[in-house]
Amino acid sequence: MYPFARKKYNIHMIDKINQLLAEIDSLKAGKAEEIEALRIKYLSKKGEVSALMNDFRNVAADQKREVGIRLNELKEKAQERINQLKESIENNQSSDDNIDLTRTAAPVELGTRHPISIVKKEICDILRKLGFSIAEGPEIEDDWHVFSALNFADDHPARDMQDTFFISRSPEILLRTHTSSVQTRVMEKQQPPIRIICPGRVYRNEAISYRAHCFFHQVEALYIDKNVSFADLKQALLFLAKELFGADTKIRLRPSYFPFTEPSAEMDISCNICGGKGCPFCKHTGWVEILGCGMVDPNVLENCGIDSKVYTGYALGMGVERITNLKYRVKDLRMFSENDKRFLEQFESAH
Ligand SMILES: [Zn+2]
């Protein structure tokens, strides 16, 4: 009687396991609460699988292995099936329930042009009206194109590492400190007439502050032909100033020195903030400096293979940041390179 009863009990356990396995395989649930109910029914402490686990101690020793394997299989299957149901509910929610087809599409944010790009383009457009066209060159340059060809003395402070970023000393490779190097390259390749604008980024070894940065942007212009005079330069400068800052703008030229021009001058415009009356911005002088200019030094023309007895020319150059500050009253140069959207969004341009 005893062995028979044990055998029967085991058959009963196996049947029950098979029955539950079939049941679990075909479980269905559409909501999280239904899944939780199934979990309680099968896997909680008082659930059907746990009940079988409790009965396991009554299984005959020689059957324990087989029944144990089936029981574990059942437990894993139940857990797996419930996890599957949970996942399918989560997937359905994200793919179906959360889509609202009546909602308006997310607005596409349009970017704005960087203020430096806006002003650089404006300067170039004005000079284009005078017949200039754009020329470009490398930012990594050699000593000849940045300094030597442009008549810089061997002991000029710009050649010092304090002022210039050198990449190598021998040969001297450096980051250009002005876009005049593009002028050198054009003059070497092309005979006059030359009428070019050189916009671009330049680098100087400066401590970064609100009024200085280690890189900034320049636009330079160069005009070489027969009979180009200082009067031509002055007329171009007046036109540029009026186009940039308004028809009432006045200019004045102060003598200055640059290695590559002779004579040289710096140009001031009547302060566009106070209209020339005097304010803290113009230090109460009524004038603000905006660019440097002059007649191209004959040495520079000769260095580049242009006959200085036949040709003359003028050059002018300005910092784009400086002009942008004047036009938009940006007080801190660093804002131009911080990429803060709140700053950049204020500059809208139709260009
Ligand atoms: Zn002023």
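Ser270 is buried, as its relative accessible area is 11% (buried means under 20%, exposed over 50% and partly exposed in between, with a 1.4 Å probe and protein chains only). The model is predicted, so that local features need pLDDT of at least 70 and side-chain atom pairs count only at pLDDT 80 or more, while totals for chains, interfaces and linings use all residues. Residues are numbered from 1 along each chain as its sequence is written, and side-chain values use heavy atoms, with hydrogens and water left out.

Ser270 belongs to strand 8 (residues 261–270); strands (E, at least two residues) and helices (H or I, at least four) are DSSP runs numbered from the N terminus. Leaving aside residues up to four places away in sequence, Ser270 touches Asp248, Thr249, Lys250, Gly286 and Trp287, contact meaning heavy atoms within 4.5 Å.

Cys271 and Cys274 are buried. The SG atoms of Cys271, Cys274, Cys279 and Cys282 coordinate the zinc ion at 2.3 Å; donors are N, O and S atoms within 2.8 Å of the metal (3.2 Å for Na, K and Ca), and sites may look incomplete because water is not among the atoms. The sequence spacing of these donor residues is C-x2-C-x4-C-x2-C. The arrangement is tetrahedral because the four donor atoms subtend angles of 102 to 114° (for four donors, all angles between 85 and 135 degrees).

The chain is assigned domain 1 (3–97) and domain 2 (115–347), with bounds from an automatic or database domain assignment. The C-alpha centres of domain 1 and domain 2 are 82 Å apart.

Notes: Tetrahedral: all angles 85-135°; square planar, octahedral: opposite > 155°, others 65-115°.
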